[in-house]
Amino acid sequence: MFDITALQKAITGINVETNPQIVRQKSRDFFWYSPVLKRQLEHVTANAIVTPKTEAEVAEVLAACFELEIPVTTRGSGTGNYGQAMPLAGGIVLNLAEMNAVKAIRNGSVIAEAGAIMADIDLATRAHSNQEIRLHPSTYRTATIGGFIAGGSGGVGSINWGGLRDPGNVIRTRVLTMEATPRVLDLTGDDLQRVSHAYGTNGIITEVEIPLSAAYDWIDVLVGFDTVLAAASFAQSLGLQDGILTKEIAAIAAPVPYDYFLRHQKFLKRETSVVVTMVAPHAMSAFEAFCQRSRAEILYRSDLASDEDLKSLPPAYELAWNHTTLRGLRVDPSITYLQTLYPHPDSLQHIAEMIDLFGDEVPLHTEVSRFNGNIISFGLPIVRFTTEERLAEIIALHEDHGVPVFNPHRYTLEEGGMKQSNPVQLSFKREADPKGLLNPGKMIAWEDPNYNFDSDKMYLFPGLDQN
Ligand SMILES: Cc1cc2nc3c(=O)[nH]c(=O)nc-3n(C[C@H](O)[C@H](O)[C@H](O)COP(=O)(O)OP(=O)(O)OC[C@H]3O[C@@H](n4cnc5c(N)ncnc54)[C@H](O)[C@@H]3O)c2cc1C
């Protein structure tokens, strides 16, 4: 239905892949984390994958797609688990994997192309001046910095720096618009909100500048507890220790660690709930004293591990955030998960209520983070999935108890977020993507301006039927 042959002619010299198997593979992200999205999006595929190597080539592709009215869905590494990078209306996937240069390293910041993998950025900044990215998802070793800014929310480092959209966590994005002649805009300050976490619906990020902090040889530590509430409470108190520098603190309910962290199993007991943490080497003795005071048992620490363990064990951050669920899905593909917030100042009380309410049907997983200056816990609890109706009930019960859910079983920005339209992103889309060709179907406010966000129903993008 889209004229890919005409596109190929218009952008001669730029790689256009039309082999259906490769196109299908590069049209998929981690949408299958959700049984609901799996059912709805399994068939989704683009018509071609286009891989530019420079910003000028991106502009060429956008101009041609604008002229030919071909939808464009941008892709970093395709690790989004809300179906962010799924090309719902077909068209092309704009693959930025080859725009991956680290362009400049300064004291406190780095400039990189959007397709740079975060671990590669850190390799360069560590080698240059012993600095590291302040904040990264647990997909650090595979995901791109552009994909994180456009599709992620926070992660390892959020205990110190808060969320990705908090002012200061991104310094500048360079963005191309989707017009007859694409414009290049350098966004800073509040203007960053136009494209941050907008799923590439209103501009293509080609380059970013992000802040750096001093790099450490973080020590991975697992700490064991008899009850999940004791683990969650320790995690939260550790987060409040101003002098103990950590980069990651997660509490995970038994039997999840033992059942799913297979390579760490020898350090764990099935009935033990675990706190996964990354501690700066100079903070380790204070951390040990804190554990002793809290009657917490250290089960594993990477600084004392054997060479063999160091070689075979994944890093602690790959037990946390969405990697907890990934490890679970590898053992039991029937599970799924939620993304929640246990709000300040009653974070722990909300956690206790959810433990009482759901028990092992929704094993707890909290991520301790700074949020508006307070230390709170976000949640990525596992859900032992039975039916979509029960899943909806579990979500409603959380919300009835004052625990907001950022629903990972929805592919739109609004339903996966605050359940309201974002006027800044919408107005930028009107300006930067007047034909609505960027990642169609993901911004309800654009697709259906009269949509009622209070309705219990899921938004269904009409274009999905044609894909
Ligand atoms: C195992 C696992 C663990 C995860 N852990 C975390 C976590 O800790 N924290 C977190 O926030 N997320 C997490 N995620 C979600 C995801 O990995 C992150 O959001 C990641 O940063 C996405 O990067 P990516 O390069 O794969 O982006 P993609 O999945 O390719 O894209 C994400 C979104 O951004 C858009 N996009 C990509 N590049 C650009 C660009 N240059 N310009 C404009 N739009 C663009 C895409 O269209 C899509 O909508 C996790 C996912 C998995 C599967």
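**Questions on the whole chain and its parts**

Reply: To begin with the chain as a whole, buried residues make up 49% of its 467 residues, where a residue is buried if 20 or more other C-beta atoms, placed from the backbone, lie within 10 Å of its own, exposed if 12 or fewer do, and partly exposed in between. This is a predicted model, in which local features need pLDDT of at least 70 and side-chain atom pairs count only at pLDDT 80 or more, while totals for chains, interfaces and linings use all residues. Residues are numbered from 1 along each chain as its sequence is written.

Me: How many helices and strands does the chain have?
Reply: Both kinds of element are DSSP runs numbered from the N terminus, a helix being H or I over at least four residues and a strand being E over at least two. Counted in this way, the chain has 16 helices and 19 strands.

Me: What is the radius of gyration of the chain?
Reply: The radius is taken over C-alpha atoms, and the globule rule is 2.2 Å times the number of residues to the power 0.38. For 467 residues the rule gives 23 Å, and the chain comes close to that, so it is as compact as a globular protein of that length, with a radius of gyration of 22 Å.

Me: Which percentage of the contacts between residues at least 6 apart in sequence join residues at least 24 apart?
Reply: Two residues are in contact if their C-beta atoms, placed from the backbone, lie within 7 Å. Among contacts in the chain between residues at least 6 apart in sequence, the share that joins residues at least 24 apart is 70%.

Me: Which strands are the edge strands of the sheet with seven strands?
Reply: Strands of a sheet pair through backbone hydrogen bonds, either parallel or antiparallel, and here two strands count as paired if DSSP finds at least two bridges between them. The seven strands form an open sheet with antiparallel pairing, in the order β14-β11-β13-β12-β17-β18-β16. The strands that pair on one side only are the edge strands, β14 (297-301) and β16 (340-342).

Me: In β13, what is the bridge partner of E248?
Reply: Strand β12 (residues 246-252) and strand β13 (residues 273-279) run antiparallel and are joined by six bridges. In β13, the partner of E248 is M278.

Me: Which residue of β4 does V50 stand opposite?
Reply: Strand β2 (residues 48-51) runs parallel to β4, and three bridges join them. On the other pairing of this strand, four bridges join β3 to strand β4 (residues 92-95), also in parallel, with V72 opposite I92 and R75 opposite N95. The residue opposite V50 is L94.

Me: Which residues of β4 are buried on each side?
Reply: In a regular strand the side chains alternate between the two faces of the sheet. Both faces of β4 are covered, with I92 and L94 buried on one side, and on the other V93 and N95.

Me: Which residue in the turn between β5 and β6 has a positive phi?
Reply: Strand β5 (residues 102-106) and strand β6 (residues 109-113) pair in the antiparallel sense over four bridges, and R106 stands opposite S109. They form a hairpin with two residues between them, and the residue with a positive phi, about 105 degrees, is G108.

Me: Which element gives the most residues to the shell around the ligand?
Reply: A residue is near a molecule if its C-beta atom, placed from the backbone, lies within 6 Å of it. The ligand is surrounded by 38 residues, the closest being G76, G146, G147, G151 and G200. Elements that give two or more residues are β3 (72-75), α6 (145-151), β10 (204-214) and α12 (321-331). With five residues, the element that gives the most is α6.

Me: How does P404 count: buried, partly exposed or exposed?
Reply: P404 lies in the loop between α14 (388-400) and α15 (423-432). Not counting residues up to four places away in sequence, P404 touches T340, L341 and E399. Because P404 has 15 C-beta neighbours inside 10 Å, it counts as partly exposed.
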